[in-house]
Amino acid sequence: MILIGLTGGIGSGKSTVSGLLAEYGAVIIDADAITRELQAPGAPLLVTLADRFGDSIVDSSGALDRAALAAIAFSDPEALKDLNKIVHPAVAAEMDRRMNEVRNTDKVVVLDIPLLAENPRKGLCGVVVVDVPVEIAVERLVQLRGMPKSDAQARIAKQASRDDRLKIADQVIDNSGDLDSLKQQVKTVWEWAKQLPPATDDAGERANKD
Ligand code: ATP
């Protein structure tokens with residue numbers, strides 16, 4: 001496999017880019033999507049979270065009440081530590097499982113990891129950073145996702161800076177333009193990715209384990 005790391009700030013356009021790469025044939029392993037799947041109603045991880053944090057984190061339909069969990073986790077450092085200890089290894093194991101399924105193929109595999117700059121991975125064949133000015137990310141999150149502006153700004157402030165992400169980039173996608181411009185850049189990135197040498201056997205492991 002050719003293993004690519006894809007990252008970018010919240011609202012930068014990672015999911016849009018990974019969707020376009022999937023159309024070319026890339027296998028996408030999306031950390032956020034896996035986290036949501038593992039916390040689906042009835043999933044073992046949700047049961048473990050309810051055991052630790054109480055039934056108030058599960059709503060009447062059986063789904064995770066993210067706001068209730070966030071309120072607990074962000075008011076108590078021990079709770080946040082426990083939350084990370086429960087969720088991170090489960091997500092990492094599922095990402096590894098999916099990566100191992102395609103490790104010995106010639107596929108381009110994209111690890112879509114919002115916090116890749118903060119949590120590096122070993123042996124990536126290349127890193128793609130989707131970059132937008134903070135104001136554009138905020139505007140898209142407010143207009144297209146209905147996120148309160150202060151929420152969008154607070155989340156961005158908690159992540160690595162644009163500069164920190166750009167430092168790890170082999171390819172930068174500038175998503176400050178329209179979707180056509182984005183598509184052109186993704187095409188170029190796909191052509192670049194396809195010709196990279198394949199990953200080594202330990203590629204994709206977390207460089208700093210929890
Ligand atoms: P998150 O970090 O929250 O997962 P993301 O980085 O995956 O976000 P996307 O969901 O791909 O970002 O994009 C954020 C929003 O901006 C979406 O509604 C998407 O459709 C829109 N968007 C992405 N790129 C563009 C663009 N070039 N022009 C207009 N809208 C865009």
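Start with the salt bridges: this predicted model holds 11 of them. Side chains of opposite charge can pair when their charged atoms come close.

Select helix α5, residues 77-102. Here K81 and E78 meet through their side chains in a salt bridge, 3.6 Å from N to O. The two residues sit three apart, about one turn of the helix. Color by accessibility and E78 comes out as partly exposed, because its relative accessibility is 45%.

Stay on α5 and pick E101 and R97, which are four residues apart, again about one turn of the helix. Their side chains form a salt bridge at 2.9 Å, N to O. E101 is exposed, with a relative accessible area of 56%, while R97, at 43%, is partly exposed.

Next, move to helix α8, residues 162-167, where K167 and D164 lie three residues apart. The closest N and O atoms of this salt bridge are 3.4 Å apart. K167 is exposed at 66% relative accessible area, and D164 is partly exposed at 34%.

Finally, show the ligand. Which of the 15 residues around the ligand come nearest? They are K14, S15, T16, R145 and N175. Helices α1 (14-24) and α6 (134-145) each supply at least two residues of this shell, which divides into three nonpolar, eight polar and four charged residues. Zoom in on the backbone of G13: an N or O atom there lies 3.0 Å from a ligand oxygen. Taken alone, the ligand exposes 630 Å², and the protein buries 78% of that.

Conventions: Residues are numbered from 1 along each chain as its sequence is written. This is a predicted model: local features need pLDDT of at least 70, side-chain atom pairs count only at pLDDT 80 or more; totals for chains, interfaces and linings use all residues. Side-chain values use heavy atoms; hydrogens and water are left out. A residue is near a molecule or strand if one of its heavy atoms lies within 4 Å of it. A polar contact is a pair of N or O atoms within 3.5 Å; within protein, one must be able to donate a hydrogen and the other to accept it, and residues adjacent in sequence count only if both atoms are side-chain atoms. Accessible areas come from the Shrake-Rupley method with a 1.4 Å probe; for residues, only the protein chains shown count as cover. Ala, Val, Leu, Ile, Met, Phe, Trp, Tyr, Cys and Pro count as nonpolar, Asp, Glu, Lys and Arg as charged, and the others, Gly among them, as polar. A salt bridge is a side-chain nitrogen of Lys or Arg within 4 Å of a carboxyl oxygen of Asp or Glu. Buried means under 20% relative accessible area, exposed over 50%, partly exposed in between (1.4 Å probe, protein chains only).
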